Amino acid sequence: MNQETEFLRVRFWAALAACGWLLPLQAQSQETISCDVDYPISDWNGAYQVNVGITNTGSSPIAGWALEWDVGAGETHSGGWNATITQSGTHISAANTANHWNGTIAPGATHQFGIQLSDAAPPAQVPGTFTLNGTPCNGGNSSSSSSSSSSSGGSSSSSSSSSSGASSSSGSSSSGGNAITLQENAAGFCGVDGSVDSNNAGFTGDGFANTDNLNGTRIRWSVNAASSSDYLLDWRFANGGSAARPAGVRVNGADLASVDFPTTGGWTSWSQASAVASLQAGENTVELVASSDSGLANIDALTVTGDAPNAGTCVSSGSGTYRMESLTRGVTVVPTGSGNLVSWRILGNDDPSVAFNLYRDGQKINSATITGASNYLDSGASASAQYSVRPITNGSEGAPAPAEVVFNGSGYFDVPLQRPAAGSDYTYSANDASAADLTGDGQYELIVKWDPSNSRDNSQSGITGNVYIDAYRLNGERLWRIDLGRNIRAGAHYTQFQAYDYNGDGRAEVAMKTADGTVDGNGNVIGSASADYRNSSGYILSGPEFLTIFDGLTGAAIDTVDYQPARGSVSSWGDSYGNRVDRFLAGTAWLDGSTPSLIFSRGYYTRTVIWAVDFDGQNLSTRWIFDSNQAGNEYEGQGAHSLSIADLDGDGRQDIVFGAMAIGSNGQPLWNTRMYHGDALHVSDFVPSRLGQEVFMPAEHSDQPSSRLIDGSTGSVIFQTPANGDNGRAVAGNVWAGNPGGEYWSSRVSGLLNASGTSVASKPGSTNFLIWWDGDGERELLDGTHIDKYEPSARLLTGANVVSNNSTKATPSLSADLFGDWREEVIWATSDSSALRIYATPYVTELRIPTLMHDPQYRAAIAWQNSAYNQPPHPSFYIGSEVTSYPWPDIYTP
């Protein structure tokens, strides 16, 4: 969608006496007007535009003015701004009173106004004389030129021109009218229904706004105007298509003008188009809205000219408390055999009453507005059908959202990967993954960890290959690769990476533990490139340890700090050979109830340290540190092989569930069951009849209850089961509609338990992950590479040519609500690690639930899912077939 130009400028200085056009002037008093006029013509076929400048070259203010001149025959005034303009025959008058914001010109100042004229016989005629308040203007040298371009049209509300040469620029005057240019990803730019790209040369700033190719797509800006008056809106654009791309100009929700963006002959050939619109004093929302199915031209910048415009403040979407990601609709298309299931997000920052229309190949296909669940089975539709979804808010239809992911006939979508080269005695396989918006376009990218085949559990000796972290767009483009280096050991407990937008700039960062020799995504080495701290057993028990946060778009290291706590004496963590000292966990938590923080920890068998870290865009800083050495030895040994994040006490701030204990948002203990370590952990509102959330966990210690359900706010026991050795697997979730609320089961306890600890049905066939897959509110069983329904028992999916992760744990690379409606997708690596294979449900649902990714607890769970023994994510609220309405997310988006 793009072309490079500036208006053809015809520089005309009305030095009339110097040109011999005037009689010699008599001597003037100090109050006599002295002026220059700048008359730059932007000429195209059938019309032209001038941004006229009047400079007061005298020593006294000009309070109120009227500029007059003659135009050529057939040139008719059709519009203007920042002055009152009239025409009589070929005579033009432009005027402002002294009390108008543009009406008093200080000595040395230049004020501007604009005029548009249609032209029956182009090119435009250069005026021979100007008078200001009846006095001819002085100074300068007379010179002029004009040309026309191949663009068509011109109207009272818009203009365009094209030429090669310089890029757009902005200017200002010392008082009165001036201009400001708003660039993409800068102040005043509020978003695009599409993306900000940089693949076509000639743009200014960071890139250009590239809308989706759909009618109604928009680009949005915020402009702060000094007064209520007309302003010139001037867009720098490129249109490499074969036809013009017209647009409407919408200001504060009202359609005020139209503007045409003719073809410029190429996406690297830039031009300009403009319109005049009335802005109100203060903040204004300005939108370009596509009027054709091709969307908008590529827009490089908007320049606003008028009374002291400034970049406005883009209003956050939503009015809640938690700052969350700004996401697109995430429209997906899944073939079902009988048609296409089209699914999309209800966003947490939508109006709760938002409805939708669905379009296939540009035609609306729903007979009634879609007010329920955000999916639609388009029976009999072609596999090649093109879909878009439009939200309806307060009766007004919004911009279309095109399909982002179209699954194949087998129900999956592949994201190609670039497998690292094998080592001398090991190969690589794709392991755990996470999702975050690394590029700021509202769509998720995938972050994947590459594990060498010689990775080790902490209890096992042996040197391992390096660990790599990659980031990919869904089309398989690799954004970057981070090499953690020889001084980070490979294994499930060593590298836990976090990906989220921590500083609120609209793009996610990625953070993880690093060391000497780590190489960032730009090829820069952290610390010493030559350092090697591996001992003969392959453990790394000396040398510096770091926490690094990386730019999500480039992989470049932004800040690196010492990891807290330092390992100190290895034996103080529970053994002397290096097992328990390197038990790490990581998470993301909204500790202040508004903005996300990083959570990193060390140790859970004996000493436990939890470190809360904030990021301001440049620097990492410690929020607090919890250390069992200071808190007391009763807090030793309580951790699990994972952690969870939830607002346990209902104060609006998230807390850390660290196995058998909970640490509050302020770093102080909330409660401690003293039931010690376990291998699994589940936190949610499993018992909707009780206030707050519950925590379900098995026990590894043979003298402790084999499993227990804990009140999340107090730490008191709701039920527990008798001790029965090392109970290594346990799950909590609503899998059976025959029991109210959630159910609980584990490896060494018989039956499916209810919230009283009573067995109410047979135990499910797997004790692993859960997933919302079919259309009801009960969750399905995700184990290995298949999905099963508990009741009635049925195999719903078997992944094709895919593998699960983490040996006997048999977990997916990632399970999350990545796109479409609230139900979850599952990602497995293909058998040869050539791709991440994403599966989505082909089933219709009647449940209307906002995207789970806008529930802060669920979103935190996606961030921590890759930590150690991966656990399924849970939201903060209960989902079940008996529930008729669900809580609206308490969020806003930047």
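Five bridges join strand β28 to strand β31 (residues 375–379), and the two run antiparallel; strands count as paired if DSSP finds at least two bridges between them. In this pairing S343 stands opposite N375 of β31. Strands here are DSSP runs of E with at least two residues, numbered from the N terminus.

The model is predicted, so local features need pLDDT of at least 70 and side-chain atom pairs count only at pLDDT 80 or more, while totals for chains, interfaces and linings use all residues. Residues are numbered from 1 along each chain as its sequence is written, and side-chain values use heavy atoms, with hydrogens and water left out.

Strand β28 also pairs with β27 (residues 331–335), in the antiparallel sense over four bridges. V333 stands opposite V342 in β28. β27 and β28 form a hairpin with three residues between them, and G337 in the turn has a positive phi of about 95 degrees. Because five of the five residues of β28 (residues 339–343) are buried, the strand is largely enclosed by the rest of the structure. Buried means under 20% relative accessible area (1.4 Å probe, protein chains only).

D575 is buried but has no salt bridge, which would need a side-chain nitrogen of Lys or Arg within 4 Å of a carboxyl oxygen of Asp or Glu. The nearest side chain of opposite charge, R580, is 4.2 Å away.

| Backbone nitrogen | Distance from D575 side chain |
|---|---|
| Y577 | 3.3 Å |
| G578 | 3.0 Å |

Notes
Buried < 20%, exposed > 50% of the residue type's maximum accessible area, 1.4 Å probe, protein only. Lys, Arg positive; Asp, Glu negative; His and termini not counted. Polar contact = N/O pair within 3.5 Å; in protein donor to acceptor, adjacent residues only side chain to side chain.
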